[in-house]
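Me: I'm new to this one. Can you walk me through it?

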Amino acid sequence: MTTFHSGDGYGTGSCTGSGLCEKDFTVNEKGWYLYKDRLVLAGATRYLLKHGYKEQIGKKYFTYGENVTVIIDGVSYPGTIWDSCGACTSSSNNIIDLFVSGPSAVFTKNVSVIY
């Protein structure tokens, strides 16, 4: 798992590909964005396949609004895919990206994802 935030130097703005924006989210005690009590996530999406990314065999591709569960440090969190992640789509690894409120909430961790 990686994280992203508005103004992170990768062209990230305040809105997700789904049209939901920071103003639509709450922030938990860790600085992670939530929408309806679910983590706001980005991943490899079918949308990006329509915009020049090449499909990879064995990779999980999501659609906006798809629910998943992520396990971070042994704790299960419900999440929903609300954005596309170019690095997640182009990487040979299955990566998921968590939308966070700023640099103080950034981290990289190995996590489990339940589809």
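What follows is a short chat about this structure.

Me: Before we start, what kind of model is this?
Reply: This is a predicted model, where local features need pLDDT of at least 70, side-chain atom pairs count only at pLDDT 80 or more, and totals for chains, interfaces and linings use all residues. Residues are numbered from 1 along each chain as its sequence is written, and side-chain values use heavy atoms, with hydrogens and water left out.

Me: Disulfides, then. How many does the structure hold?
Reply: It holds 2 disulfides. The term covers a pair of cysteine sulfur atoms within 2.5 Å.

Me: And what is a disulfide in general?
Reply: A covalent bond between the sulfur atoms of two cysteines.

Me: Which cysteine is joined to Cys 15?
Reply: Cys 21, with an S to S distance of 1.8 Å. The torsion about that S-S bond is about 100°, so the Cys 15 to Cys 21 disulfide is right-handed.

Me: Is Cys 21 buried or exposed?
Reply: Cys 21 is buried, at 11% relative accessibility. Cys 15 is partly exposed, at 40%. The cut-offs: buried is under 20% relative accessible area, exposed is over 50%, and partly exposed is in between (1.4 Å probe, protein chains only).

Me: What about Cys 85, which partner does it have?
Reply: Cys 85 is joined to Cys 88, S to S 2.3 Å. Both cysteines are buried. The torsion about the S-S bond of Cys 85 and Cys 88 is about 75°, so this disulfide is right-handed.

Me: What pattern do the disulfides follow along the chain?
Reply: The pattern is 1-2, 3-4, counting bonded cysteines along the chain.

Me: New topic. Why call strand 4 largely enclosed?
Reply: Because 5 of the 6 residues of strand 4 (residues 38-43) are buried, the rest of the structure largely encloses it. Strands here are DSSP runs (E, at least two residues), as are helices (H or I, at least four), numbered from the N terminus.

Me: Which way do strand 4 and strand 6 run, parallel or antiparallel?
Reply: Parallel, joined by 5 bridges. Two strands pair if DSSP finds at least two bridges between them. Ala 42 stands opposite Asp 83 in strand 6.

Me: And strand 7?
Reply: Strand 4 and strand 7 run antiparallel, with 2 bridges. Ala 42 stands opposite Asp 97 in strand 7.

Me: How does strand 3 pair with strand 4?
Reply: Strand 3 (residues 33-35) pairs with strand 4 in the antiparallel sense, over 2 bridges. Tyr 35 stands opposite Arg 38 in strand 4. The two strands form a hairpin with 2 residues between them.

Me: Which residue pairs with Asp 73?
Reply: Lys 109, with the closest N and O atoms 3.1 Å apart. The pair links distant parts of the chain, 36 residues apart. Asp 73 is in the loop between strand 5 (67-72) and strand 6 (75-84), while Lys 109 is in the loop between strand 7 (97-99) and strand 8 (112-114). Asp 73 is exposed at 60%, and Lys 109 is partly exposed at 28%.

Me: Last one. Where is His 5 found?
Reply: His 5 is in the loop between strand 1 (2-4) and strand 2 (26-27). At 9% relative accessibility, His 5 is buried.

Me: What does it touch?
Reply: Not counting residues up to four places away in sequence, His 5 touches Thr 12, Phe 99, Val 100, Ser 101, Gly 102, Pro 103 and Val 106. Contact means heavy atoms within 4.5 Å.

How values were computed: A salt bridge is a side-chain nitrogen of Lys or Arg within 4 Å of a carboxyl oxygen of Asp or Glu.
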